[in-house]
Amino acid sequence: MDKARRTTVATVSAAALLAGVAGCSSGPDAADSGEVVVTCATCQESPTDPFLQYNYEAAQRFNEEFAGDFRIETIENPNAGSGDDRLQYYQRLALADDLPDLFQLNSGEIKAMQETGKLHDFASSLEADGDWAASFQDQAFDALTGPEGQIWAIPQQRDAIGIYYNSALLEAAGYDRFPATWDELEDLAAELKQQDKIAIALDGDWATKLMWANLIGTQPGGDEFLGEKIVELEDWGEDPAVVQATERLRDWHVEGYVNADAFSGDFQNAAAPYLTEEAAMVPNGPWFVKTNLTTEAAPGLYEKTGYAPAPGWSDGGQGTVVVSGAGWVSGTTDERKLEAVETFVKFMTSEDEVLAQAQATGANPPVQVDAAATEAADLEPLATGLIEQTADLTYSYPHARVHGPAGLDTSWKNLWPAYVKGDMDTDEFLQRLTDDSASSAQ
Amino acid sequence: MSETGNTRIARRSVWANILIYGFLGIVVLLALAPTVWVMLSSFKTGNQIFSGNGFWPSPFTLQGFIDAFTQIHLHEYMLNTLIYAGLGTVGALGTAFLAAYPLARFSFRGRNALVALFSLALALPLVGLATPVFFVVRELGMFDSRLGMVIFYSALQFPFTFVVLRAFLVSTPPELEEAAMIDGAGYFTTLFRIVLPLTRPALATVAVVAFVNIWNEFFFANLLLVSEENRNVQLVLAGFKSQFGFNVTGAVAGATLVMLVPICLFLILQRQVIAGLTAGAVK
Amino acid sequence: MSVLTRHRPPHSASGNERAASAERAPVGGQVERRSLKRSARPVSGTRIPRGMRGPIVVSLLPGLLLFGTFFLVPFFVLTGTAFARWSGLDFAWVGLDNYRQMFQDPVFFKAIVNTLFYAAASVFIQVPLGVGVGMVLALRPRGWKALRTIVFVPFVISGAAYAVIFSMFYNPRAGLLNNALGALGLPGDRDWLFDTATARWAVAGTFVFIIGFVVVLVMAEIASIPNELYEAASVDGATTWQQLTRITLPLLRNVIGTAILIRLLVDIGMFDLVFILTAGGPDDATATLALYAYRAYLSGEWGYANAVGSVIIVIGLVLIITVRRAFRIGERAL
């Protein structure tokens, strides 16, 4: 006993010694040249992700323009592109007190990250520069704002998210245009099923919730749920629009209109059948063109592909998800670095840059841009076509996870397959989804 | 293997043989079919993988293996993993050898407690310690650092390496060292000149096992590494499942290459691996 | 076959060496049986010669440092903070609150049940299968060496690689399993991993056939059984089957216990496969204790995560002690 204790004490003190040594060696690096260096975790080169690639090129242009004053240093980051692990990655960095000076988060992630108290609030910068603040599109900051008016992020895009469809498969099923109502879409789906085709490809996560938002948002009052009630309600089942949407979406799975591997949470399982022309429709944003459609698809698929808003519950009741996508956030508290960060986000939201981004990625500008300049920029027709249509649609609403609690993604992925396969009824599903999403957000 | 057991073969009937090979065949099929299928898929096009048509690659392509290096940059992660596994193994072997010798040879107060303590770590589910390990590593400034990871992996492999090396040293006769010490050789001279060469077979054994263990390690890498530039191959494999702009052929080919490293190592050094695992197991 | 036993001490041994040979790793291929020779006495060893104290301390120091820093300190941190609310920054004692919260969470119980399910799958499917194959291969049928190698290969593949393999294998649309079932005329449309009815079995299916380790242990042990036992049995007219069940199997008790121990240790801490394959879904049907603790860690509830961690370690210890008792594995080392 005695021996063991003494050994233990010796070992612990040895460990403490090691801790002391390591602590001493990591002093602050005092680089006192005039140039302020800020780290960026979403500015790396990427052959597969056009958003990252654009950020990288923009950061190079920034470094050139502000050489001597500010410089962006790229951090190679495995979770820079959107994906399930990105939030966890930054949460861990926040726990380790090691957030990058600049990086991008989407609105759902911002909700979770604001809990860490480590994000910079841009409100004062916007207040101080009225012209800059006024240049943003309406509601551009809606999803990026904290409970006390904090502005956690500067938006980089504002997009309409629709449904991609294979016009050749639709034609073969007897449709020469995209369905205008959900009933019509179901008729089309039944016909496609007859022909051994998958009507709509989903992933059990992001894309599935996109259709859920479409089914909710195209009902009267649906945008209210997606905007506020999704946070306030203690049981989403109290909203009849949500119940109807949920059951309709479930029934598509039960009827076999959806790919069999629609629960993995991996978007590639939704993309794959569309790209191999097994599935006729897949919901996704304009970036789908660059990331998938023009790189991996069957030959000629791009030409056959159309991009449509969501059908409505009644004729003329169509709608679309409008999102501001990822925004620039900062994890630094250093005054000089914050000056560099502010200069960078202003640079990124300048007219030249937002158009360069639109060309490179298909994403649409978060700021108002001169019409002639837009015309001259020659943007991706599929993406711009939809954003133009959006103005005439009856409904527009955010994605379910924009205002939804941060735990929604995890809870959805966990509960959705069980619900669709009949383990629980709609009441139970929605009640548990509400509870779990809220509790795992803490 | 010794010659025991051979007498048992003689009176096996045809039926017994059918039973034996049938049983073994089914087990091998169950154990290997998914893996072999995925390895074959690394020669398929993305289209064929996505559609799931056909067991054999058709058309046959090496594009996946090219993409694994040109697009996924697998070699960079393999280099990282090689650093972790290589240096981590050296660290574990070095510290364990230095600790195993005195604890095998000399009796002093606290020795048995220390041996029991080191061995106990081998019998605990270490994932239970995840959060404290993260905390300690962060406080030491070793979070997301290559050097930190090498040190951590040395520690992770230390108990196993220690237990096997000590068992081996206990079983070797001390006469040679005693003679050297009587001749006036110092402790470390004796340790490195006399004991080390004698221990080489056991060192080779634990080295292979430690290397493969670190090469395959996911849990702590996931906990303690975040930067792209520091990731090991297992994190890259896990990442294949959740990426948006996704090169499936490259990913499958990459996964195949990552698996082939320990497989080849095992096939070449089969003896050492089996001996090492068997020796570690009885502790 | 063993590099370890080649260097065993000569038999003209002093008391010191006799104890040492009892301590030796029984790798097999030898005549002596471990269970017969084991002594519970600790190894004595010589006293430290004069002037060696300093070098020995130096020699022990690096190992002690590593072990202290990464095993002992975390262990004390774990026991200390399991009774606290702690996020790495703020800290408050909460007594048994973490444990109370844990035992009120149905997901925690699902995680325990699943973890034990995987452990049971190992004990009742994987280990018996491995013992069976080991015994059959020990009969040295033609090609046994190649077969042993083939059976062992799956063991050196990582959990993350298996996650990739089985996410493809179980894919209900393009996976081998459903395509093969379809080709055989069976219903091939089940979503194995994301159906609560099959998810746990599908996860267990990824590892229960990885039996190489058990096979190798069993074969080594069988090789150390003295041949005379079988010769005597043959003279008495015992068939191969009778020899296997009446001589070999009883003598394997120890090594079977060891194999179970090793598997239990892996299963209690099971994380990689589940985390990558299903993230614990659907409806937490595949979640394990390690995953449950990891979720708490991620949401910054470190005290809670550590309380769960302590449960993992305690369950591990209880199972290990039980198995050691049940299989009467000696008191050495532990």
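This is a short tour of a predicted model, stop by stop.

**Stop 1: chains B and C**

Select chains B and C together. Between them, 114 residues of chain C are in contact with 99 residues of chain B. Now highlight residues 53-81 of chain C. This is helix 3, and it gives the most to the side of chain C that touches chain B, with 16 residues. Colour that side of chain C by class: 77 residues are nonpolar, 28 are polar and nine are charged.

**Stop 2: a strand pair across two chains**

Stay with B and C. Pick residues 106-107 of chain B and residues 46-47 of chain C. Each stretch is strand 1 of its chain. The two strands run parallel, and two bridges join them. Which residue of strand 1 of chain C is the bridge partner of B:Ser107? Click on C:Arg47.

**Stop 3: the two domains of chain B**

Colour residues 6-62 of chain B as domain 1 and residues 68-281 as domain 2. The centres of these two domains, taken over C-alpha atoms, are separated by 32 Å. Their contact takes nine residues from domain 1 of chain B and six residues from domain 2 of chain B. On the domain 1 side, look at helix 1 (14-41) and helix 2 (46-51) of chain B, the elements that give two or more residues. By class, that side has four nonpolar, four polar and one charged residues.

**Stop 4: the two domains of chain A**

Move to chain A. Here each domain is written as two segments: 36-158 + 324-369 for domain 1, and 160-323 + 385-439 for domain 2. Their C-alpha centres lie 28 Å apart. Domain 1 of chain A brings 16 residues to the contact, and domain 2 of chain A brings 16 residues. Select helix 2 (50-65) and helix 4 (107-114) of chain A; each supplies at least two residues of the domain 1 side. Helix 4 of chain A gives the most to that side, with four residues. The classes on the domain 1 side are five nonpolar, seven polar and four charged residues.

**Stop 5: two helices in chain A**

Keep chain A. Select helix 9 (residues 206-217) and helix 11 (residues 240-255). They pack at an angle of about 135°, with their axes 8 Å apart. Helix 9 of chain A is therefore oblique to helix 11 of chain A. The crossing is right-handed. Show side chains where they meet. From helix 9 come A:Met211, A:Trp212, A:Leu215 and A:Ile216. Helix 11 of chain A answers with residues including A:Ala241, A:Val242, A:Arg248 and A:Leu249. This contact has eight nonpolar, one polar and one charged residues.

How values were computed
Residues numbered from 1 in each chain as written. Chains lettered and ligands numbered in written order. Predicted model: local features only at pLDDT ≥ 70, side-chain atom pairs only at ≥ 80, totals over all residues. Contact = placed C-beta atoms within 7 Å. Nonpolar A, V, L, I, M, F, W, Y, C, P; charged D, E, K, R; others polar. Pairing = 2+ DSSP bridges. Axes fitted to C-alpha atoms, helices over the stretch in contact; angles between N-to-C directions. Parallel < 35°, antiparallel > 145°, perpendicular 65-115°, else oblique. Left-handed = near helix turned anticlockwise from the far one by under 90°. Domains from an automatic or database assignment.
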